[in-house]
Every structure is written in structure tokens, then in C-alpha cells.
Amino acid sequence: MSDQCLFCGIVAGTVPSVRVAEDDRTLAFMDINPASDGHLLVIPKRHSKDLLDIPAEDLAAVTLATQRIAKAAAQVLGVDGLNLLNCCGADAWQTVFHFHLHLVPRYLDKTKDRLVLPWQPGVPGDVDTITALGGKLSAALG
Ligand code: 5GP
Ligand code: ZN
């Protein structure tokens with residue numbers, strides 16, 4: 001737990017939130033600025049800064065809790081789809097530095113859904129660059 005961290009405050013209950021589900025390792029609560037109706041956040045109770053920092057067991061617990069909540073959302077919210085989003089680093093839009101997965105229900109009814117694709121779909125990349133970057137990552141991973 002970090003004294004400076006907003007989401008640690010939500011875990012502790014010192015910061016108010018609309019809690020949706022919790023277990024030993026994880027907590028899910030509604031996002032205060034929802035991208036769509038039902039947008040929520042799933043976090044580890046133990047503080048980790050981001051995807052590069054979180055221990056495997058907390059990441060696994062958050063992922064499994066997110067799937068469980070996604071199934072409930074699919075049943076009770078009348079969603080047409082769901083997106084998961086994680087922002088890792090300020091340059092990747094992370095604003096709260098306690099790991100979280102966004103679970104964003106999607107709707108054909110755009111009065112309930114303000115999420116748009118952040119990249120231009122269907123624009124092919126340079127094949128040589130794609131191959132070179134894939135090779136670099138593959139070599140780093142052994
Ligand atoms: P990030 O930009 O780090 O991926 O996402 C942070 C999320 O936390 C944002 O979607 C933002 O709306 C949400 N958020 C920020 N402050 C609060 C708060 O005090 N309570 C709740 N429930 N959500 C918050
Ligand atoms: Zn924290």
C-alpha cells in the first residue's frame with residue numbers, strides 16, 4: 001500500500017468508490033469518468049505501478065477476476081461487446097500509477113458508448129519494419 005496512491009485509498013476505503021466485486025487479491029469498482037455505460041476498473045489490492053511491475057500472481061488474479069466480471073456484464077448489461085485496456089506509462093495514457101485493467105462494455109447504441117479506436121484501422125505497415133521488430137523481440141525472448 002502506498003500512502004500517495006489514489007487506488008490504494010480506494011482499496012483501504014478512505015477514498016469512496018462504487019465497488020462491484022472483490023476477492024483476496026483483487027477489487028473491481030466503477031470508473032468515475034466512464035467511456036461507456038458500465039466501464040469499470042479491476043485492480044490488485046497490493047500496490048503495483050504498472051504492467052512491468054506487477055507480480056505474476058496478482059496479474060493472473062486480476063485477469064481471471066476481469067473475465068468473471070465480463071461474463072456478468074455480458075449477462076446483465078445487454079452489452080454488444082467488451083474491450084479490455086491497460087495503459088502502461090504516462091506516454092501510453094496511464095494517469096493513475098496503480099496497475100488496473102479497464103473493462104469497457106460496448107454498445108451499438110452510441111448514447112451508451114463513447115469509445116473510439118485509437119489507431120486508423122486497415123492501414124498496412126511496412127513489411128520490412130514489421131519483420132525486423134518481430135525478429136528483435138523474438139531474439140530478446142529466446
Ligand atoms: P488510466 O488513464 O491510468 O489508464 O486510467 C485511470 C482511470 O481512473 C481513468 O479512467 C479515470 O477516470 C479513473 N479515475 C481517476 N480518478 C478516479 C477516482 O477517484 N475514482 C474512480 N472510481 N475512478 C477514477
Ligand atoms: Zn496503489
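Predicted model: local features only at pLDDT ≥ 70, side-chain atom pairs only at ≥ 80, totals over all residues.
How many residues of the shell around ligand 1 are nonpolar, how many polar and how many charged? The shell divides into ten nonpolar residues, five polar ones and one charged one.

**Stop 1: the whole protein**

Show the cartoon. Follow the chain from its start. The order is α-β-β-β-α-β-β-α. Along its principal axes, the trace spans about 50 × 40 × 25 Å.

**Stop 2: ligand 1**

Select ligand 1. Then show the residues around ligand 1, which number 16. Met 30, Asp 31, Asn 33, Thr 95 and His 102 come nearest.

Next, pick out the oxygen atoms of the ligand. Start with Asp 31. An N or O atom in the Asp 31 side chain is 2.5 Å from a ligand oxygen. Move to Trp 93. Here the backbone takes part: one of its N or O atoms lies 2.9 Å from an oxygen of ligand 1. Then select Val 96. A polar backbone atom of Val 96 is 3.0 Å from an oxygen atom of the ligand.

**Stop 3: the largest pocket**

Ligand 1 sits in the largest pocket. This pocket holds about 750 Å³ of space. Its lining is made of 32 residues. Select Asp 31, Asn 33, His 39, Leu 41 and His 102, which lie nearest the pocket centre.

By residue type, the lining divides into 22 nonpolar, eight polar and two charged.

**Stop 4: the second largest pocket**

Hide the ligand and move on. The second largest pocket has a volume of about 170 Å³. Select some of its lining residues, including Val 20, Met 30, Gly 38, Leu 40, Arg 68, Val 76 and Pro 105. You have met Met 30 already: it was among the residues that come nearest to ligand 1.

Which elements give two or more residues to this lining? Strand 1 and helix 2 do. Helix 2 gives the largest share, five residues. The lining counts ten nonpolar residues, one polar and one charged.

**Stop 5**

Now look for empty space inside. A probe the size of a water molecule, rolled over the atoms, shows where such space is left. The search of the whole structure finds one cavity of 30 Å³ or more. The volume of the largest cavity is about 40 Å³.

Select its lining: Ala 21, Glu 22, Asp 23, Thr 26, Leu 27, Ala 28, Ala 65, Arg 68 and Ile 69. Two or more of these residues come from each of strand 1 (19–22), strand 2 and helix 2 (56–76). Five of the lining residues are nonpolar, one is polar and three are charged.

Technical notes. Residues numbered from 1 in each chain as written. Chains lettered and ligands numbered in written order. Heavy atoms only, no water. Near = heavy atom within 4 Å. Polar contact = N/O pair within 3.5 Å; in protein donor to acceptor, adjacent residues only side chain to side chain. 1 Å grid on protein atoms, 1.4 Å probe; cavity = no way out; pocket = protein on both sides within 12 Å on 5 of 7 lines; lining within 4 Å. Sits in = over half its atoms within 2 Å of the grid points. Nonpolar A, V, L, I, M, F, W, Y, C, P; charged D, E, K, R; others polar. Points joined across faces, edges and corners; volume = space filled by probe spheres on them. Helix = DSSP H or I, 4+ residues; strand = E, 2+ residues; numbered from the N terminus.
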